[in-house]
Amino acid sequence: VSEAQIEGVTIVVVGSFNPAIFHPAWLSTHNLVRRDEAEAAKVEVVHAELASLVLPWVHLQVARDRFQASTLDPAHFDHLLDLVVGVFAILAETPVTAVGFTYNIHREMSTEKRDVLGDGIAPKEGWALLLEHPKLRSMTMQGRAQRGADCLVTVTVEPSVRIEPGVYTQINRHYQSAERNVARLLTDLKADWAAALEDARRIVQAIHDGGMSS
Amino acid sequence: MNFDRAISQTMGRQEIVSGLPRATTGIEQPVRNSAPDFYEAPDFYWVPPEKREIEPAAGNESPTTAAPTNSPRHTEVPLIRKPPVELVPRQLEVLQRFEGTVRSVHQPAGEMVVELRDLTHPDAPREVAILELSDVSDPDLEMVAPGAVFYWTIGYEVRTGTRQKTRISELRFRRYPTWKQRDVDQIQREADALASFFGSAR
């Protein structure tokens with residue numbers, strides 16, 4: 001990659017949680033993170049309603065109904081999965097209804113190329129009959145995954161607000177369970193992990209290379 | 001791109017739009033993404049409800065969609081500004097990535113024999129290699145034992161601003177919760193039950 005880019009992965013777990021236990025010391029005690037990382041953690045808040053802590057490579061945010069772990073370090077994508085699997089191996093009785101994998105990327109792109117990309121995914125001819133100077137601000141497309149597990153995939157494309165000029169693309173894969181079984185959902189995510197990452201990058205490449213307009 | 005300041009109405013709430021473009025094609029800068037901004041939630045706790053810059057849920061989003069990392073910072077001035085704590089992005093051009101399993105450790109020689117699985121080329125055959133223990137970072141040395149799993153990333157790290165590339169090779173061990181004696185006992189009981197079942201069925 002010669003362009004500037006910020007690449008990240010987030011795992012979201014929807015269920016019923018106790019945010020107050022999510023403290024760096026708890027993670028370190030259970031061997032989920034290194035001791036030096038736990039000591040270097042910045043704790044924004046650990047409270048009955050919300051926990052938010054930033055370790056050198058992961059940001060954890062836990063509310064009563066939602067657990068979210070994010071990293072912006074491509075060398076740690078697999079460790080993020082290990083961390084989440086490890087957390088819920090300990091909290092194995094947690095009632096969980098859904099798990100999501102989200103791949104985010106901000107990539108530098110000239111405004112000219114970005115305009116071509118925008119025209120490719122949302123042609124303006126029809127809009128030009130209704131609006132002066134139509135511009136695409138955000139697009140969200142949803143469908144079933146073509147690769148990996150059979151799950152719902154949501155793709156969002158917008159101009160980046162972090163790299164200007166640039167494009168932001170987000171790909172979310174949603175895994176649902178009627179059984180409310182966290183182990184089952186995380187096993188599904190683990191089995192689908194490599195395919196999910198590969199498919200997300202394939203989708204981004206197709207969008208950025210103009211594969212949508214052909 | 002030339003921007004004008006403009007005010008628009010969205011969902012009955014007035015908001016400042018950072019600009020309208022003069023260009024006629026392509027994508028325009030969004031005001032923000034439509035999902036509630038969980039990612040920045042801690043900031044909101046210090047802002048009165050009527051001042052919070054949080055949008056109602058669109059209603060048709062997947063509940064596991066991560067909050068977008070594409071949201072601009074808030075334009076409202078909160079009563080108390082809590083310093084933002086954010087992850088520092090790392091731009092990495094990954095050339096090759098392996099998953100390794102330690103086969104044996106030779107402390108006197110400062111080496112370990114490992115089996116490598118190429119994650120970049122999953123069809124490639126597994127390889128056996130000898131790695132130096134000095135390649136393992138100090139906090140991970142306690143993890144080095146037969147059966148331990150690690151990730152080995154080789155690539156270029158690109159420094160923000162200068163765009164200077166640095167070749168990197170990182171080993172990091174996988175961490176799982178420590179086994180408790182009760183877990184081991186439970187597995188032993190299950191194994192005994194299975195052994196008994198198959199033994200009696202024979």
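The expected span of a helix is 1.5 Å times one less than its number of residues. Keep that rule at hand for the first stop. The model on screen is predicted.

Stop 1: Select residues 77-90 of chain A. This is helix 3, with 14 residues.

Now color by burial, taking under 20% relative accessible area as buried. How many of the 14 residues of helix 3 are buried? Twelve are, so by that cut-off the helix is mostly covered. The buried stretch includes Phe77(A), Asp78(A) and His79(A).

**Stop 2: strand 5.** Move to residues 66-71 of chain A. Six of the six residues of this strand are buried, so the rest of the structure largely encloses it. Check both faces. One side carries Arg66(A), Gln68(A) and Ser70(A), and the other carries Phe67(A), Ala69(A) and Thr71(A); all are buried.

**Stop 3: the neighbors of strand 5.** Strands 4 and 5 run antiparallel and pair over five bridges. Two residues separate them, and together they form a hairpin.

**Stop 4: Gln68(A).** Center on this residue. Which residue of strand 5 is the bridge partner of Val12(A)? That partner is Gln68(A). Gln61(A) stands opposite Gln68(A) too.

Notes:
Residues numbered from 1 in each chain as written. Chains lettered and ligands numbered in written order. Predicted model: local features only at pLDDT ≥ 70, side-chain atom pairs only at ≥ 80, totals over all residues. Heavy atoms only, no water. Helix = DSSP H or I, 4+ residues; strand = E, 2+ residues; numbered from the N terminus. Buried < 20%, exposed > 50% of the residue type's maximum accessible area, 1.4 Å probe, protein only. Pairing = 2+ DSSP bridges.
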